[in-house]
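Hi,

Here is the model I promised to send over.

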Amino acid sequence: MKLYGIVGWKNAGKTTLVERLLAETAGRGLRVSTVKHAHHGFEIDRPGKDSFRHRAAGAHEVLVLGGQRWALMHELAGDAAPPLAALLARLSPVDLVLVEGFKRDSHPKIEVWRGGAAPLAMTDETVRALASPQPPPGLQRPWLALDDIPTIADFILGDLALR
């Protein structure tokens with residue numbers, strides 16, 4: 001599996017870019033999965049549902065299967081979060097995994113930047129290109145227009161030799 005990251009500071013537009021890249025790359029016939037890092041706690045289950053009740057009762061993992069999908073919930077219960085490689089090992093094989101977040105990991109990335117803090121692309125060699133409305137002064141990496149999704153997809157697929 002090939003992976004490519006989408007990174008940036010909070011509210012830069014990472015999720016929107018991932019969503020648009022998913023549509024573009026899947027539309028080209030690739031099988032694509034995603035991994036999203038959430039810095040805060042999150043809940044994918046709802047109180048009162050059987051799966052929630054199983055977790056509340058102390059289940060280490062709960063796997064839910066329905067007619068359209070299945071989901072595995074794993075409780076960390078105070079353990080350290082697993083590294084990205086361990087999470088990727090749990091995915092089914094696909095052509096491409098888009099990784100949102102995990103900006104400190106060593107996989108190749110595109111940074112979404114809208115100004116403010118200095119771009120990671122200025123100092124982080126794993127950031128291969130910067131996607132933004134306008135290029136910042138002094139950028140030494142490729143600049144991609146944030147709204148040009150086909151070109152961003154071409155860049156990623158070319159960088160991974162998936163064309």
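How many helices and strands are there in the protein? There are four helices and eight strands, where helices (H or I, at least four residues) and strands (E, at least two) are DSSP runs numbered from the N terminus. From the N terminus on, the order of elements is β-α-β-α-β-β-α-β-β-β-β-α.

Before you dig in, a word on the ground rules. This is a predicted model, with local features needing pLDDT of at least 70 and side-chain atom pairs counting only at pLDDT 80 or more, while totals for chains, interfaces and linings use all residues. Residues are numbered from 1 along each chain as its sequence is written, and side-chain values use heavy atoms, with hydrogens and water left out.

Now the overall picture. The C-alpha atoms fill a box of roughly 55 × 35 × 25 Å along the principal axes. Of the 163 residues, 36% count as buried, meaning under 20% relative accessible area with a 1.4 Å probe and protein chains only; exposed is over 50%, and partly exposed is in between.

Six strands make an open, parallel sheet in the order 2-5-1-6-7-8; two strands pair if DSSP finds at least two bridges between them. Strand 2 (32-36) and strand 8 (143-145) are the edges, each pairing on one side only. From one strand to the next, the twist averages 25°; axes are lines fitted to C-alpha atoms, for helices over the stretch in contact, and angles run from 0 to 180 degrees between N-to-C directions.

Helix 1 (residues 14-27) packs on this sheet and touches strand 1 (2-7), strand 2, strand 5 (96-100) and strand 6; contact means heavy atoms within 4.5 Å. The direction of helix 1 makes about 170° with that of strand 5. Thr15 lies in helix 1 and, at 45% relative accessibility, counts as partly exposed. Leaving aside neighbours within four places in sequence, Thr15 is in contact with Lys36 and Glu100. Thr15 and Lys36 are 21 residues apart in sequence, with 8.9 Å between their C-alpha atoms.

Strand 6 (residues 109-112) and strand 7 (residues 127-132) run parallel and are joined by four bridges. Glu111 has Leu130 in strand 7 as its bridge partner.

One more spot to look at: strand 4 holds Leu72, which at 34% relative accessibility counts as partly exposed.

Cheers
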